[in-house]
Amino acid sequence: MADITTSLKLDGNLKMQVGTFHVAVWGCQMNVYDADRIRDLMAASGYVEQVEPRGADVIILVTCAVRAKAEDKVFNQISAWRHQGVINERTIIALGGCVGAELADQILKLEPSIAIVFGPRTAHRLPHMISSYAATGDKIVDVQAEALEKFDALPEQGQRGPSAFVTIMEGCSNKCSYCIVPYTRGEEESRPEQDILDEIVTHVAHGVKEINLLGQNVNSYRGLTPDGNQSRFSNLLYEVAAIDGVERLRFTTSNPMEFTDDIIAAIHDLPVIADYIHIPVQSGSDRILKMMRRNYTSDDYRRLIDKIRKARPNIYISTDIIVGFPGETDEDFAETMRLVNDIKFDSGFSFIYSKRPGTPAAELPDPVSLEHKKQNLYVLQEKLEEYAVMYSQGMLGTRQRVLVEGISRKNEQELKARTSNNRVVILEGAPSLIGTMVDVDITKVMTHTLKGEIVR
Ligand code: 5AD
Ligand code: SF4
């Protein structure tokens with residue numbers, strides 16, 4: 001049991017130093033958002049954050065369960081820390097995020113050093129769980145809560161960089177047959193419009209220029225308006241765009257099925273929306289799409305992209321593709337490659353299918369060897385890379401408006417910025433430019449990044 005002081009009240013009356021904490025996060029941007037809000041909550045409760053895990057009183061792990069590999073990472077990390085002496089028997093380890101919700105009390109058996117298990121919906125109760133564990137030594141598993149409870153219970157967000165994530169909905173009700181998210185994050189529920197707008201106004205007051213609206217399926221946003229009506233995602237886009245100080249607006253993830261004409265009209269009408277949209281297609285084979293329960297065909301997807309490109313000719317489209325879904329044949333894979341060649345995605349994330357316990361696809365026969373799936377993945381990734389490089393080369397010599405995000409990781413003398421179409425640009429300039437939008441000429445194209453010069 002850790003010897004941290006535990007006379008802690010969550011209402012903030014008592015803001016004393018109760019120990020140090022470290023947060024490690026895996027998974028999607030929604031997890032990054034949750035992790036940031038946990039940091040604010042812990043700080044408001046008197047804890048002090050440590051960048052390094054070694055010696056922290058509390059280690060909080062925000063995990064991802066989307067593929068078995070993602071899930072394994074957290075357990076591998078804990079054993080590595082144990083061997084390196086980063087953690088000891090006094091460290092309070094709290095495991096949360098999607099693995100927390102998926103495995104709940106099984107985790108305590110899998111990894112005895114874990115003291116607390118929380119889920120994506122119960123992060124706001126973490127200080128209570130920690131103080132209770134520290135006082136009694138009784139392990140805690142707490143993964144059940146109303147979908148939106150945490151948003152009301154969390155303190156106002158702290159100041160962080162020029163780009164901010166804002167979760168607009170929790171959970172997912174689509175139930176794609178391969179996906180664990182509906183079971184870890186629960187049924188879909190949208191936050192009220194005003195709460196989202198207030199959060200964005202706070203960000204802008206802190207100097208944020210770019211807002212990323214997050215949800216598993218943002219198109220189906222249906223939060224309440226202040227007068228009690230149901231909003232739509234397109235309404236929300238217009239409302240956010242009208243906030244003074246929002247200079248760039250992104251959103252993810254979009255489902256092709258609910259990408260309705262009103263959303264396409266908003267993309268056409270609102271220049272503040274970035275020239276980049278991520279729309280996972282998952283497969284180009286109608287047979288596989290049906291088995292995935294995606295509710296669209298590959299031609300529906302082609303038509304959707306046509307419409308979006310007509311509304312915004314410069315838009316870059318990225319996607320997610322799963323290779324080796326149970327029963328995927330070489331013909332199915334060829335259909336995926338045909339779609340990739342038709343659309344010419346600007347970038348793509350591709351994964352080998354991973355069997356997730358409790359999902360409908362986990363019951364399907366899966367005769368294709370992993371070796372064969374890996375070969376297909378390689379072929380697909382080569383093609384996606386070819387198009388990504390082609391688009392980058394097309395940007396050589398163009399002028400781009402970029403948001404300067406920070407210092408370059410590779411060279412401290414350089415700055416890292418991002419174009420509207422989501423390409424990273426490395427440039428020379430004073431650190432005082434961080435957090436501002438500047439115009440740059442693209443002077444060089446590397447594989448995944450660009451080099452630029454600030455227009456004087
Ligand atoms: N196996 C492999 N990839 C998956 N994804 C979701 N579930 C699985 C799974 N069981 C991928 C999808 C999704 C992305 C976030 O992860 O492509 O869009
Ligand atoms: Fe991973 Fe999905 Fe959970 Fe995000 S919502 S952390 S991608 S399992």
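**Exercise 1.** Which residues in α10 meet which residues in α12?

*Solution.* This is a predicted model, in which local features need pLDDT of at least 70, side-chain atom pairs count only at pLDDT 80 or more, and totals for chains, interfaces and linings use all residues. Residues are numbered from 1 along each chain as its sequence is written, and side-chain values use heavy atoms, without hydrogens and water.

Step 1. Find the helices (DSSP runs of H or I, at least four residues, numbered from the N terminus). Helix α10 covers residues 261-269, and helix α12 covers residues 298-311.

Step 2. Look for contacts (heavy atoms within 4.5 Å). From α10 come D261, I264 and H268; from α12 come L304, K307, I308 and A311.

Step 3. Sort these contact residues by class: 4 are nonpolar, 1 is polar and 2 are charged. Ala, Val, Leu, Ile, Met, Phe, Trp, Tyr, Cys and Pro count as nonpolar, Asp, Glu, Lys and Arg as charged, and the others, Gly among them, as polar.

**Exercise 2.** Describe the shell of ligand 2 by class.

*Solution.* The shell has 6 nonpolar, 2 polar and 1 charged residues. Among the residues around ligand 2 are C28, C64, C98 and R185, with a heavy atom within 4 Å of the ligand.

Notes: Chains lettered and ligands numbered in written order. Axes fitted to C-alpha atoms, helices over the stretch in contact; angles between N-to-C directions. Helix = DSSP H or I, 4+ residues; strand = E, 2+ residues; numbered from the N terminus.
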